[in-house]
Amino acid sequence: MDEVVAGNRVVWERASGKHVREYDELLEAARGDGLLLERELELLAPVLAERPVVVHLQSGHGLDDVGLVKAGAERVVGIDYSSVAAGAAQRRADELGMACRYVVAEVPGVPVRDASADLVYTGKGALIWMRDIDAWARDIARVLRPGGRLFMYEGHPAVPLWTWDNDEPRIRPDRSYFAESHVNDTFPGNGAREWQWNLGQIVTAITRAGLHLEALEEYAEPFWRPQDDTNAAAWSGRLPNSYALLARS
């Protein structure tokens, strides 16, 4: 783990303390429905109907994993480099009796056997932590069984450009769509180095790794909003804020 990634891990371990402080609230949320977004379920329904074995890269608080099992997955292996997040997610899964297991590890380079997953699930703020997108895509291709799927639901690569002004959408003067990286200045990654991969780079890396694109959809709504009264004009339906991608090995 190089110096920048190690620094990011420190930031994320600190941010993941939220998953411990809000353990009871997250546990209650995990008991309910709606853990996966409707956009996700629309694309994943045929895959989940086959009871796939899932590997979730950068699994965070683990609520998505509970949602995947409830929607049909046979079991989920979550990978996250935050021991705080993985520990809290494992405790929740055990308490709920869900077939989820968590491993603390860096991505790419996940300690999972070749051709062992029917579905690799990732996104919701995961890809910005990847400094080598080609290695990331190759790792996914390695883990997938023949005919397996990669599914991502992610923040759109243009999102770093949008201001949070509430009167009208604006582009930040300090950001570029084609920049290599930037320092995050908002919660939860405040102070971390994020990498910017544009949509062309993402799709090229996935297809170069040998996967075949089945769906790519862009959406106006963001997958995440801060838990306050912020209501940015950039989220009002005129600009891309998230996307979903489905690819087959």
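Student: Why is Glu25 called exposed?

Tutor: Glu25 has 51% relative accessibility, and exposed means over 50%, so Glu25 counts as exposed. Keep in mind as we go that this is a predicted model.

Student: Where is Glu25 found?

Tutor: Glu25 is in helix H3. This residue also belongs to a negative surface patch, together with Asp24, Asp94 and Glu95. Helix H3 (23–31) and helix H6 (83–96) are the elements that give two or more residues to that patch.

Student: What makes the patch of Asp24, Glu25, Asp94 and Glu95 negative?

Tutor: Asp and Glu count as negative, and the patch is formed by Asp24, Glu25, Asp94 and Glu95. Patch residues need over 30% relative accessible area, and Glu25, at 51%, passes that cut-off.

Student: Let's turn to helix H5. How do you know that H5 is largely enclosed by the rest of the structure?

Tutor: Buried means under 20% relative accessible area. In H5 (residues 63–70), 7 of the 8 residues are buried, so the helix is largely enclosed. The buried ones are Leu63, Asp64, Asp65, Val66, Gly67, Leu68 and Val69. Just after H5 comes Gly72, with a positive phi of about 135°.

Student: Why is Ala115 called partly exposed?

Tutor: The relative accessible area of Ala115 is 37%. Partly exposed lies between the 20% limit for buried and the 50% limit for exposed, so Ala115 is partly exposed. Ala115 sits in the loop between E3 and E4, and its phi is near 50°, a positive value in a residue other than glycine.

Student: What else lies in the loop between strand E3 and strand E4?

Tutor: Pro108 is there, between strand E3 (100–104) and strand E4 (117–123). The peptide bond from Val107 to Pro108 has omega near 0°, and is cis.

Student: And Lys124: buried, partly exposed or exposed?

Tutor: Lys124 has a relative accessible area of 23%. Buried would need a value under 20%, so Lys124 is partly exposed. Lys124 is in the loop between E4 and helix H7 (133–143), and has a positive phi near 55°.

Student: How do you know that the radius of gyration agrees with a compact globule?

Tutor: For 249 residues, a compact globule would have a radius of gyration near 18 Å, and the protein has 17 Å, so the two agree. The C-alpha atoms fill a box of roughly 45 × 40 × 40 Å along the principal axes. Within the protein there are 8 helices and 9 strands, and 52% of its 249 residues count as buried.

Definitions and conventions: Residues numbered from 1 in each chain as written. Predicted model: local features only at pLDDT ≥ 70, side-chain atom pairs only at ≥ 80, totals over all residues. Heavy atoms only, no water. Patch = residues over 30% accessible without salt bridge, like charges linked within 9 Å, V, L, I, M, F, W, Y side chains within 5 Å. Areas by Shrake-Rupley, 256 points an atom, 1.4 Å probe, with all protein chains shown as cover. Salt bridge = Lys/Arg side-chain N within 4 Å of Asp/Glu carboxyl O. Charge placed at Lys NZ, Arg CZ, Asp CG, Glu CD. Helix = DSSP H or I, 4+ residues; strand = E, 2+ residues; numbered from the N terminus. Buried < 20%, exposed > 50% of the residue type's maximum accessible area, 1.4 Å probe, protein only. Rg over C-alpha atoms; globule rule 2.2 N^0.38 Å.
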